[in-house]
Amino acid sequence: MKKQLLFMTALSLLAGAVSLTGCSKKVNPGDVQGYDEGEQYISMWVHTIEDTPEGEAYKQSVESFNEKYDGTYFADIEFIPRNDSGGGYSDKINASVMSGDLPDVITVDGPNISAYAANGIIQPLTELSDEEKSVYLDSILEQGTVDGKLYALGAMESSVGLYYNKAILEEAGIEVPDKDHPWTFSEFLDILERLKPVTDSRNGYPLDMTFPVGEASIYYYAPFIWSNGGDLISDDGLTAEGYFNSDKNAEVFSYFRTLTENKYMSATPVEKLFESGRAAFKFDGAWEVNTIYQSYSDIDLGVAPYIVSDNWDGGRYTPTGSWAYAATTKTDNPEAATELVKWMSGTESGILLYEKTKSMPSTYAAYDQITTFEDDENYKALYEQLRDYGHPRPKTPVYPQVSTSFQQVLEDVGLSGRNVNDEMDKSVERINAKLKRYTR
Amino acid sequence: MKNKSNSVIGMAFFGPALVLMTVFLFIPMILTLIYSFTDYFALNPKLTHFVGLENFSTIFKDDLFTTAFLNTVKFVLIIVPLQTLGALGLALLINKVTVCKRYFKVAFFIPVVMSLAVVSNLWMQIYSPEGILNTILSNFGIDAQPFIYGADQALPSIAFMSVWQGVGYQMIIFLGGLQAINPALYEAAEMDHASGWSKFMNITLPELKPLCVFVFITVTIGAFRMIVQPMVMTGGGPSHSTYTIVYDIYETGTVNWEIGLASAMAIVFTVFVVILTIIQTILTRDKEDKHENKKAKNR
């Protein structure tokens with residue numbers, strides 16, 4: 001009888017222990033290998049698993065940080081898996097916001113920086129000198145800045161190219177302009193019209209283009225809005241009315257309708273249209289260059305400057321943005337956290353990450369040291385476009401809703417041909433519902 | 001004393017399960033109910049207010065939720081009859097087959113074992129504009145169909161694929177039921193020169209009735225919970241034609257961080273499914289009782 005009681009008590013204690021683990025823990029010197037007496041402990045979460053090229057790069061960067069700052073700082077990296085739709089990692093962040101278990105440094109996807117800052121999850125980095133700032137691309141600083149304060153520095157940058165098939169353009173006798181004189185919307189329509197017979201004969205379309213659900217749509221196509229002088233949300237990120245549903249944006253959404261109506265692109269996504277040599281153009285991330293080189297080497301690939309509105313004023317407009325490091329409000333040592341953020345986003349880490357994953361670095365020096373960005377005309381074009389014309393995605397705490405709304409209007413107007421003003425107004429209503437939290 | 005020690009042992013076995021269920025099921029359920037009356041926001045839990053029924057009025061005014069609700073009902077209306085009858089049909093066929101019985105059983109059951117995400121990706125290939133299905137259609141001179149990329153066809157396409165994926169499970173249940181029917185009943189019927197159809201209507205179906213009710217209810221609840229297939233295949237599109245309630249709850253809670261609103265949606269959804277299940281149970285039980293009465297009269 002007593003034994004049974006003992007057994008039960010043990011069981012319930014065990015169950016209790018199971019449910020209680022996950023609460024905050026204090027790490028002492030010696031608990032983790034490499035963490036010695038007198039060092040400042042900095043915990044960090046990254047959004048990937050350890051056994052990926054990306055994870056390996058982060059791990060190596062942390063190791064070299066610990067070597068360099070031996071005796072001063074010790075950074076402890078934890079890998080949190082993340083699924084394709086972004087769950088997993090962000091769920092863990094959300095749960096930890098409530099329980100107060102955030103580490104000192106986290107990675108944040110570029111467009112989420114505003115929301116994390118507005119809700120007090122991350123805090124501004126300690127002041128960087130102008131010299132320290134000048135190593136980063138403008139787009140990295142721009143992405144990390146909210147209300148004039150620098151919150152985050154990018155682990156990497158990204159870009160989207162307007163890729164073209166050289167053989168097809170040659171056949172149609174089309175010359176590609178230089179990066180400072182991109183094709184305008186109307187010029188591009190003429191070119192597509194000239195290309196149509198060529199791609200028709202190849203059983204394809206002039207454009208390999210889709211409006212996918214998810215982040216890609218706003219990432220690829222919001223530049224059309226910016227080059228037309230429009231915006232998706234006000235500068236402070238709190239007003240959608242008059243921005244998202246402006247007449248300028250209506251023009252852009254209608255332009256996408258023109259592309260489908262004239263059958264310059266397929267209304268239903270055709271797999272590998274560009275890669276199989278049946279399309280003249282394709283919008284895709286910088287990774288596409290590597291994909292073509294590795295798997296479709298018979299395609300003669302070129303990068304054309306991102307197209308612009310006829311009213312373009314020469315301002316910044318091309319896609320940018322990626323994961324960045326930021327210090328959380330939970331850290332007691334913003335200085336230490338800032339040091340780690342600077343290191344992880346710095347030149348050495350950027351080159352390492354490029355070597356492992358081919359992602360674009362966030363500092364000028366990294367581009368100078370990687371010969372590919374000088375020798376390979378396609379990588380060079382992507383870098384120059386990013387450097388000279390990169391524009392961050394909308395900075396607003398309700399970014400997720402802006403992103404979904406943009407894709408929905410694109411689909412409803414571009415593909416289904418619904419009334420552009422109705423769809424934009426509906427989106428504004430939805431964005432406003434989410435903004436209420438910040439404006440009341 | 002004996003009784004008491006038995007109950008202690010019983011608790012010892014039951015205890016861990018109870019603790020885990022409390023932590024991972026009951027407490028979250030109660031929290032969901034509480035959150036549904038607040039504006040709980042995942043990124044800033046400190047700012048949570050009690051908002052009364054505001055979330056519920058928001059939901060019923062939101063045309064996206066209405067769309068999601070109607071889509072879900074459409075899914076249920078297509079999937080439930082197809083999957084229930086399909087499973088019964090397959091079970092009857094396999095029961096008749098004498099050659100390679102095990103092969104057919106395994107073949108129809110394999111999709112059930114496969115991950116939904118894998119199956120969804122597989123069918124994306126099948127449904128793609130230049131996929132197998134469109135190639136076959138073109139051989140018959142039929143134009144390429146958009147399938148999951150067309151606002152009119154996406155929902156039925158996904159529903160059909162879901163039936164294909166799930167039907168094997170219910171088939172096995174029916175097969176078990178068929179094999180449990182006393183052969184003497186059929187022998188008796190044969191002596192009376194009953195036709196195959198009449199044997200089916202008067203022996204097989206009545207004997208399978210309790211199973212039918214079970215299958216009917218589980219398939220209905222399963223169909224209501226549809227999310228993975230549209231998430232993987234269409235992202236709820238085109239133009240929200242495959243956006244379901246559970247998908248909406250996920251998007252609201254996880255992507256837009258509005259836990260309060262998502263909780264309210266989950267409560268509305270749960271209440272709806274519970275009511276529907278009760279109605280189903282009452283309707284089917286009624287028939288069973290009648291059946292019992294009929295049997296009694298015949299005796």
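Chain A splits into domain 1 (38-158 + 321-389) and domain 2 (160-319 + 398-439), with bounds that come from an automatic or database domain assignment. This is a predicted model, in which local features need pLDDT of at least 70 and side-chain atom pairs count only at pLDDT 80 or more, while totals for chains, interfaces and linings use all residues. Residues are numbered from 1 along each chain as its sequence is written, and chains are lettered from A and ligands numbered from 1 in the order in which they are written.

**Confidence**

- The model scores ipTM 0.78 and pTM 0.86.
- Chain B has an average pLDDT of 88, and 94% of its residues score at least 70; pLDDT is the predictor's confidence in each residue, from 0 to 100.
- A friendly reminder: where pLDDT is low, the predicted coordinates should not be read in detail.

**Between the domains of chain A**

- The centres of domain 1 and domain 2 of chain A, taken over C-alpha atoms, are 28 Å apart.
- Domain 1 of chain A brings 17 residues to the contact and domain 2 of chain A brings 19 residues (two residues are in contact if their C-beta atoms, placed from the backbone, lie within 7 Å).
- On the domain 1 side, helix 4 (113-118) and helix 16 (377-389) of chain A each supply at least two residues; helices (H or I, at least four residues) are DSSP runs, numbered from the N terminus.
- Helix 16 of chain A gives the most to that side, with 9 residues.
- The domain 1 side holds 9 nonpolar, 5 polar and 3 charged residues (Ala, Val, Leu, Ile, Met, Phe, Trp, Tyr, Cys and Pro count as nonpolar, Asp, Glu, Lys and Arg as charged, and the others, Gly among them, as polar).

**Between the chains**

- Here 30 residues of chain B are in contact with 32 residues of chain A.
- Helix 1 (2-35) and helix 11 (245-255) of chain B each supply at least two residues of the side that touches chain A, and helix 1 of chain B gives the most, with 10 residues.
- That side of chain B has 19 nonpolar, 10 polar and 1 charged residues.

**Helix pairs**

- In chain A, the axes of helix 17 (residues 399-415) and helix 18 (residues 420-439) come within 10 Å and cross at roughly 165 degrees; axes are lines fitted to C-alpha atoms, for helices over the stretch in contact, and angles run from 0 to 180 degrees between N-to-C directions.
- Helix 17 and helix 18 of chain A are therefore roughly antiparallel to each other (angles over 145 degrees count as roughly antiparallel, under 35 as roughly parallel, 65 to 115 as roughly perpendicular and the rest as oblique).
- Residues meeting there include A:Q401, A:V402 and A:S405 from helix 17 of chain A, and A:V420, A:E423 and A:M424 from helix 18 of chain A.
- The contact of helix 17 with helix 18 of chain A divides into 6 nonpolar, 4 polar and 4 charged residues.
- In chain B, helix 4 (residues 101-113) and helix 7 (residues 154-180) pack at an angle of about 120 degrees, with their axes 7 Å apart, and are therefore oblique to each other.
- Among the residues making this contact are B:F108 and B:F109 of helix 4 of chain B, with B:W164 and B:Y169 of helix 7 of chain B.
- The contact of helix 4 with helix 7 of chain B has 8 nonpolar, 3 polar and no charged residues.
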